[in-house]
Amino acid sequence: MMTMEGNNKDTIFILLSRVPYPLEKGDKLRAYYQIRDLSEHFNIILFAFYENQLHPNANAEISKYCKLFVPYKLNWFSKAIGLIYALFSGLPFQTGFFYSRRAKKAINKLLNSEKPNLVYVQLVRVANYLENYPITKVLDLQDALSENMLRRANNEKYFKNFFFRIEYNRIKKYEASLVDKYDCLTIISSNDKQKINSIKRKNIIVVPNGVDFKYYAPIVEEKKYSVSFIGNMGYAPNIDAALFLVNEIMPMVWEKLPNANVVIAGANPSHSVLKLASSNVLVTGWVEDIRLYYAQSKVFVAPLRIGSGMQNKILEAMSMNVPCITTKISAEPINASNKKEILVAETAQEFAELILELLNFENKKNTLIDNAQIFVNQNYNWKLQTEKLVQLMKMLV
């Protein structure tokens, strides 16, 4: 538990399913920058779950912005009990996975002692901790998790398909119920907002992500890699995209450019991703500075076929002057224009043709880069996006 000296600001209690450091996952990234900017206007009390070990710099980094930071470790026993609870209660399984009676008591004790003016909860998976607590509450859905589960079900066979369809139905129902249980809900994009199964979804406020332009600024580096794909490689949509890229897209590129190479960079690569490594495919695992792999790539490809929400990896690549190719489901939440700021493909052949086009025609690549840089700077400034959240909080406290 870490603290910093308080002041006369109003206090927000924030509940997260993950400690927001290091920034290798989208929900951590969103939470970190929102906490950073909210802390300029409010005292922040942060209660966040973790499963294994805290990063050695997590306490110091997060406590810069928090009056009080309480990391809470979930053990295997509490996760097992939570899953059994979800099975018989009808809650989504991942909500059960994060539920602990001991954690709920700790949260209630902290709320009673600190008496915050408002609570802010990120993600459906921990919404049940505070859904009935008598205080003004804001829930950040982040994305339409039900749509994510449906896409995963459609991509799986046999038992996995059966499981994800059950989870999809549970989450769809639970998402809709939360619109009535929380005073206000936020979400990452208009596309995700339309997927929430509630007639009251019009009241959900869109608060997009942003890019740290100072950090993800263009860097002059030797272009070592023809194609890159970057992200948390333990996340199912990224695993599927990496397999699609190497096994289906790149063979058509290699027919024309045998020396083209690929880098797949990011934390927690699954066994199936690690198996993709070869003489022309580098799988890095965790890297200290992911910017180098953006900067050293000629083309960034994100062939995501499942998942939901806004892909920060695409915004980061655009900010670093790397031309991007992605699918419709990833391009639409960003609202970038196809063939102007980004390129959109669906089939392996379409991806391969666009990769070859960008690798062979410098002028087309440069035009795309210039347009993307203007677009991302105008639309995805973290301060600008978080200001919407700040004003919402000020209105509610």
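The second largest pocket is lined by 13 residues, with Ser78, Ile81, Ser100, Arg101 and Arg102 lying nearest its centre. The model is predicted: local features require pLDDT of at least 70 and side-chain atom pairs count only at pLDDT 80 or more, while totals for chains, interfaces and linings use all residues. Residues are numbered from 1 along each chain as its sequence is written, and side-chain values use heavy atoms, with hydrogens and water left out.

**Pocket**

- A pocket is defined on a 1 Å grid over the protein atoms alone, as an open set of points where a 1.4 Å probe fits, with protein on both sides within 12 Å along at least five of seven lines; lining residues have an atom within 4 Å of a point.
- The second largest pocket holds about 280 Å³ of space, the volume being that filled by probe spheres set on grid points joined across faces, edges and corners.
- The elements giving two or more residues to the lining of the second largest pocket are β4 (68–73), α3 (76–89) and α5 (101–114); helices (H or I, at least four residues) and strands (E, at least two) are DSSP runs, numbered from the N terminus.
- Helix α3 gives the most to this lining, with 5 residues.
- The lining of the second largest pocket divides into 6 nonpolar, 4 polar and 3 charged residues, where Ala, Val, Leu, Ile, Met, Phe, Trp, Tyr, Cys and Pro count as nonpolar, Asp, Glu, Lys and Arg as charged, and the others, Gly among them, as polar.

**Lys79 in helix α3**

- Helix α3 contains Lys79, which is buried at a relative accessible area of 15%; buried means under 20%, exposed over 50% and partly exposed in between (1.4 Å probe, protein chains only).
- Leaving aside residues up to four places away in sequence, Lys79 touches Glu51, Leu74, Gly96 and Phe97, contact meaning heavy atoms within 4.5 Å.

**Strands and sheets**

- An open sheet of 6 strands has the order β11-β10-β9-β12-β13-β14, with parallel pairing; two strands pair if DSSP finds at least two bridges between them.
- Its edge strands, β11 (281–285) and β14 (343–344), each pair on one side only.
- Strands β9 (residues 225–230) and β10 (residues 262–265) pair in the parallel sense over 4 bridges, and Phe229 has Ile264 of β10 as its bridge partner.
- Strand β7 (residues 184–187) is covered on both faces, with Cys184 and Thr186 buried on one side and Leu185 and Ile187 buried on the other.
- Strand β6 (residues 137–142) runs parallel to β7 and is joined to it by 4 bridges; Leu139 has Leu185 of β7 as its bridge partner.
- Strands β7 and β8 also run parallel, joined by 2 bridges, and Thr186 stands opposite Ile205 in β8.

**Salt bridges**

- The whole structure contains 18 salt bridges, each a side-chain nitrogen of Lys or Arg within 4 Å of a carboxyl oxygen of Asp or Glu.
- Asp180 and Lys200 meet through their side chains in a salt bridge of 2.6 Å, N to O.
- Asp180 lies in helix α7 (residues 158–181) and Lys200 in the loop between α8 (190–193) and β8 (205–206), so this pair ties together parts that are 20 residues apart in sequence.
- Asp180 is exposed at 53% relative accessible area, whereas Lys200 is partly exposed at 36%.
- Glu24 forms a salt bridge with Lys28, the closest N and O atoms being 3.1 Å apart, and Lys28 is buried at 8% relative accessibility.
- Asp37, buried at 4% relative accessibility, meets Arg36 in a salt bridge of 2.9 Å, N to O.
- A network of salt bridges links Arg36, Asp37, Glu40 and Lys383.
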